[in-house]
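User: I am new to this structure and would like to go through its aromatic rings. Could we begin there?

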Amino acid sequence: MTIHPSAVIEDGAVIGNDCSIGPFCHIGPQVVLGAGAKLHSHVVIIGNTNIAPGARIFPFASVGHEPQDLKYQGEATTLEIGENCLIREGVTMNPGTAGDAGKTVIGNNCYFLANSHVAHDCVIGDGVIFSNAVLLAGHCKVGSNVIIGGGAAVHQFCRIGDNAFIGGLAGVENDLIPFGMALGNRAYLGGLNLIGMKRAGVERESIHKARKVFKDIFDGSGNLAENVASVSDELREDAVVEKILDFIADSGDRALCTPKS
């Protein structure tokens with residue numbers, strides 16, 4: 001373990017083996033920092049924050065400070081960050097609030113590039129990439145293997161499905177289906193993320209089925225509910241199609257990103 005003399009580690013903090021803590025870092029008394037973490041310099045980790053092993057955190061990241069929610073009154077809430085996450089310069093991450101589950105949860109192997117923000121009560125899956133200056137508002141749910149382009153913003157309570165792609169500077173105010181591609185401000189559904197599907201190892205036949213279902217749902221003659229109901233049982237047996245249909249079924253009263261009319 002290497003700790004720079006100028007770093008402040010408060011009593012009660014738990015620091016894992018083989019951590020490297022650089023100049024002028026500050027670690028609060030409730031923090032658990034997993035083994036092998038590297039904090040470059042001027043990193044602040046505070047609050048009830050648990051970071052799994054393998055984190056790399058760059059200067060001026062602020063991790064675990066109280067949520068930016070006017071309803072927050074100092075409740076004991078948490079921030080959980082998974083294994084091998086990269087947190088670049090100026091990133092901010094907030095814990096949960098009592099108005100939700102009381103915790104913000106980030107999965108494994110995620111990349112948060114400079115000046116991106118994860119707000120209170122968000123739940124983020126594994127393998128997610130936030131490009132520079134991505135803004136995620138409170139209570140959002142982001143699936144695994146999602147990529148969000150630079151400067152994009154996601155409205156509070158939005159759901160982003162697995163393997164979705166959000167283009168740079170997009171303003172996402174509605175739910176985005178798994179394998180969907182959101183573009184523009186306000187964001188529209190630009191099609192399926194075919195590159196992401198191929199990278200995820202989705203078979204060609206499954207991609208063809210998903211494309212057919214996409215067209216039937218969003219270009220069909222009925223309304224959304226009618227078009228979803230008309231999808232054949234044979235297509236529903238496909239795992240990708242099933243994931244898309246399940247996501248739509250769980251949307252409740254929230255609107256979906258849809259193609260341009």
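**Aromatic rings**

Analyst: Phe214 is buried, with a relative accessible area of 15%; buried means under 20%, exposed over 50% and partly exposed in between (1.4 Å probe, protein chains only). This is a predicted model, in which local features need pLDDT of at least 70 and side-chain atom pairs count only at pLDDT 80 or more, while totals for chains, interfaces and linings use all residues. Residues are numbered from 1 along each chain as its sequence is written, and side-chain values use heavy atoms, with hydrogens and water left out.

User: How many aromatic pairs are there in the whole structure?

Analyst: The search finds two. Rings of Phe, Tyr and Trp (its six-membered ring) pair if their centres lie within 6.5 Å; planes under 30 degrees apart count as stacked, over 60 as edge-to-face and the rest as tilted. Phe112 and Phe130 are edge-to-face, because their planes are at 65°, with the centres 5.0 Å apart.

User: Where in the chain are Phe112 and Phe130?

Analyst: Phe112 is in strand β16 and Phe130 in strand β19, 18 residues apart. Strands (E, at least two residues) and helices (H or I, at least four) are DSSP runs, numbered from the N terminus.

User: Is Phe130 buried or exposed?

Analyst: Phe130 is buried, at 0% relative accessibility.

User: And which arrangement do Phe214 and Phe218 have?

Analyst: Their pair is tilted, with 50° between the planes and 5.0 Å centre to centre. Phe214 and Phe218 are about one helical turn apart, because they lie four residues apart in helix α2.
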